[in-house]
Amino acid sequence: MNHDNYSDNYIRSILNTVKTIAMVGISPKENRPSYFAFKYLLDRGYRMIPVNPGQTAKPILKQKVYATLSDIPEPVDMVDIFRSSEHVLPIVEESLRLTPRPQVIWMQLTVRDDEAASLAEKVGLKVVMNRCPKIEYGRLSSEISWIGVNSRTLSSKRAQNLGTGLQRMSLGKSDKKDAR
Amino acid sequence: MPDAERTPGFATLSIHAGAKPDPTTGARVTPIYQTTSFVFDDVDHAAALFGLQTFGNIYTRIGNPTCAVLEERVAALEGGTAGLAVASGHAAQVIVMHALMTPGDELVASKKLYGGSINQMNHSYKNFGWNVVWADPDDLPSFEKAITPKTKCIFIESIANPGGIITDIEAIAKMARKAGVPLIVDNTLATPYLCKPFDYGADIIVHSLTKFLGGHGNSIGGLIVDGGTFNWSRDKKYPMLSEPRPEYQGIILHETFGNFAFAIACRVLGLRDLGPALSPFNAFLVLTGIETLPLRMQRHCDNTLAVAEWLSKRPEVLWVSYPGLAGDKYHKLAKKYSPKGAGAVFTFGLKGGYDAGVKLVSSVKLFSHLANIGDTRSLIIHPASTTHRQLSDAQKVQAGAGPDVVRLSVGLEDKEDIIADLEQGLSTK
Ligand SMILES: Cc1ncc(COP(=O)(O)O)c(C=O)c1O
């Protein structure tokens, strides 16, 4: 896997497949990027599970907070890591000990650990590093085009509404053959 | 569609970038969303929009779907991360400076700029406490010398108006990088078809859409493109981007929006508060213009080279300043930065001085005597008596607008007709 440059189909197939996302390192503060991404993905229909050992007392956006990934009593499809790079390895190691194993490890913008990535890839997980799932969802659904961002996508097909509000768009179908 | 991994070419982007069919109606051409405001899905959606937590439309002063297509189109053509459309080229410059400067700060700007920009920086910026320090693109070390600890940015034009001057973007970008400040390039005269400033180290590009991008002389507009390259959080020099914003419950824009944070800052702080929004109707006209940008620009350049060559052989003409000409002072730089042609705007000098200039603009019949450039129509002006009138004589000469100077913006008519009109104009007694 080339971690400097992901194909749109790779990202789209991940965001189209996963349903439950555990976000490690989420902040309960409304002005933090992790809170933004959590809320946005929750609004797009993902089951979002907050993980932060310091924040278990109160739910975040009505979702119960767990101290660790191992405490989550249900299967998780994707682990989204909102911690700086030096904290990534133990989180990936813990993810790999979960049963069933998650299918995807996602590291946020500016977060990257190639050693941890290859550990996960060796056992068949997909890995994304240094990207934000909110931005990628917005880019591939064309929502981000509303704020003038270069989505780097062209299409003669119209973007489909998600069906849960006027300004919420769906990702469209992934092209299976390219979704390596 | 070509497969997803293929990088589309310039002509394809000129037509398609940003413009998928309308999601609600399927309209293939981008509709004119002539509305001030957009309904919220619910209270929570409204709160998320105002808090910048989701992408979407609120109010046309802050964003509009027609304008957004234009923003993405130009960002894609320049190879940037995001765009912001505003009411004019001048508004684009002010919004960029507003995001970078606080009172007492300095900007370093090229002496060879559009006269209106020289006015804006010399006079209007003073009211904001922003001080301009001028540098000379013909004397590159003058840029380095002009930089002080108060410098927040460097501003140049790729091809400078009116003189047919090509600025050494790469050399100045290196100085900007060394000083830790962004380089802003006004790419109006070149357009991304001729020159791509981000490839040479520019951090921000501004455009007057009024000229070649719109291309038909029908709409005023401006656009800012974020190159996504500058690290706004390296120090505390750019608090709009690196510090918690009181306007948005303490959000830090760079941390939240990454490599398109500058465009967001210009939108949600600059455009929101200062207010020069582009009308969706103008955005529509400019979008239509951009669809043919590569075809038009090439014809503009080909016609201009023919006219410049013809003029350089005329007895009434003292000199021609067009970087597309082999002997021109800027020919080497043009070959590097603008290899497909040196644009359509240039100046020449008349032996008869000020009076000969006035006589020529009065006697042409195809050329229109007006204060614009970048139209399908051929345009002519005598800067000393019009656009550059407010400048002192020394500044006029520095800006390439001395008393004998005539500026042309060569249009898309048949080049034989353009030349015939100049010929009859020059021979009128
Ligand atoms: C190079 C350049 N920059 C900026 C501007 C200002 O643009 P506008 O007239 O759209 O405000 C002009 C206008 O002539 C120009 O030629």
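1. In this predicted model, the shell around the ligand is made up, by class, of nine polar residues, three charged residues and three nonpolar residues. In total, 15 residues surround the ligand, and the closest of them are B:G89, B:D186, B:S208, B:T210 and B:K211.

2. From the backbone, an N or O atom of B:G89 lies 2.9 Å from an oxygen atom of the ligand. From the side chains, a polar atom of B:N161 lies 2.9 Å from a ligand oxygen atom, while an N or O atom in the side chain of B:K211 is 2.8 Å from an oxygen atom of the ligand. Taken on its own, the ligand has 390 Å² of accessible area, and the protein covers 91% of that area.

3. Chain B is divided, according to its domain assignment, into domain 1, which runs over 10-289, and domain 2, which runs over 293-427. The centres of these two domains of chain B, taken over C-alpha atoms, are separated by 28 Å. Where the domains meet, 40 residues of domain 1 of chain B are in contact with 40 residues of domain 2 of chain B. The area buried between the two domains of chain B is about 3400 Å², and carbon and sulfur atoms give 60% of it.

4. The size of an interface is often given as the accessible area lost when the parts come together. For chain B and chain A, the buried area is about 3700 Å², of which 54% comes from carbon and sulfur atoms. Of the area that chain B buries against chain A, 23% is supplied by B:K20, B:Q53 and B:F55, more than by any other three residues. The contact takes 51 residues from chain B and 40 residues from chain A.

5. A cis peptide bond, with omega about -10°, joins A:T99 and A:P100, and A:P100 sits in the loop between α3 (88-97) and β4 (104-107) of chain A. A:N130, a residue other than glycine, has a positive phi near 55°, and its place is in the loop between β5 (126-128) and α5 (133-141) of chain A.

How values were computed:
Residues numbered from 1 in each chain as written. Chains lettered and ligands numbered in written order. Predicted model: local features only at pLDDT ≥ 70, side-chain atom pairs only at ≥ 80, totals over all residues. Heavy atoms only, no water. Near = heavy atom within 4 Å. Polar contact = N/O pair within 3.5 Å; in protein donor to acceptor, adjacent residues only side chain to side chain. Areas by Shrake-Rupley, 256 points an atom, 1.4 Å probe, with all protein chains shown as cover. Nonpolar A, V, L, I, M, F, W, Y, C, P; charged D, E, K, R; others polar. Domains from an automatic or database assignment. Contact = heavy atoms within 4.5 Å. Buried area = accessible area lost by both parts, 1.4 Å probe. Helix = DSSP H or I, 4+ residues; strand = E, 2+ residues; numbered from the N terminus.
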